[in-house]
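Me: I would like the labels used for this model checked against their cut-offs. Please take them one at a time.

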Amino acid sequence: PPERQKRFVELKNEYGSKFAFHGSPVENWHQILRCGLKNMSGTASQLHGSVYGSGIYFAPNAAVSLLGYSRLYGLTNPTDLSAFEKTSTTTFLDEGSIRCVALCEIIDHRIDDH
């Protein structure tokens with residue numbers, strides 16, 4: 001929405017921005033793309049811990065988001081593509097065949113409003 005873009009530009013002009021990666025299970029992306037990233041800390045929808053506190057987590061390295069938060073657990077060798085093999089032959093969009101990571105431009109400052 002234009003008002004959110006306006007707010008982003010204002011904050012970017014004040015604090016600057018940087019690019020970082022965000023990984024999430026494939027079933028979350030429809031909602032993320034429609035409504036944006038939401039802080040789900042402390043709610044029933046929280047999927048992962050909050051070792052660094054409440055918030056939306058980003059990583060400067062795509063592997064962190066891909067290997068952990070997009071549900072690609074246990075992959076230690078990035079050249080081993082066996083983790084990408086389909087686990088089901090009944091559906092194309094299953095957890096075993098797709099990993100989703102976004103490259104996001106984020107404000108380079110902690111912002112507490114959601």
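Reply: What follows sets computed values against the definitions in use.

This is a predicted model, where local features need pLDDT of at least 70, side-chain atom pairs count only at pLDDT 80 or more, and totals for chains, interfaces and linings use all residues. Residues are numbered from 1 along each chain as its sequence is written, and side-chain values use heavy atoms, with hydrogens and water left out.

Me: Why does Ser24 count as buried?

Reply: Buried means under 20% relative accessible area, exposed over 50%, and partly exposed in between (1.4 Å probe, protein chains only). Ser24 has 6% relative accessibility, so Ser24 counts as buried. Ser24 belongs to strand β1, residues 17–24; strands (E, at least two residues) and helices (H or I, at least four) are DSSP runs, numbered from the N terminus.

Me: Which residues does Ser24 contact, leaving aside neighbours within four places in sequence?

Reply: They are Trp29, Ile32, Tyr69, Ser70 and Cys100, where contact means heavy atoms within 4.5 Å.

Me: Why is Leu67 called partly exposed?

Reply: Its relative accessible area is 28%, between the limits of 20% and 50%, so Leu67 is partly exposed. Leu67 sits in helix α3, residues 62–69. Its C-alpha atom is 8.6 Å from that of Gly23, 44 residues away along the chain.

Me: What makes up the largest nonpolar core?

Reply: A nonpolar core is a set of buried Ala, Val, Leu, Ile, Met, Phe, Trp, Tyr and Cys residues joined through side-chain atoms within 4.5 Å. The largest has eight residues: Ala20, Trp29, Ile32, Ile98, Cys100, Ala102, Cys104 and Ile106. At least two residues come from each of α2 (29–35) and β2 (100–107), and β2 gives the most, four.
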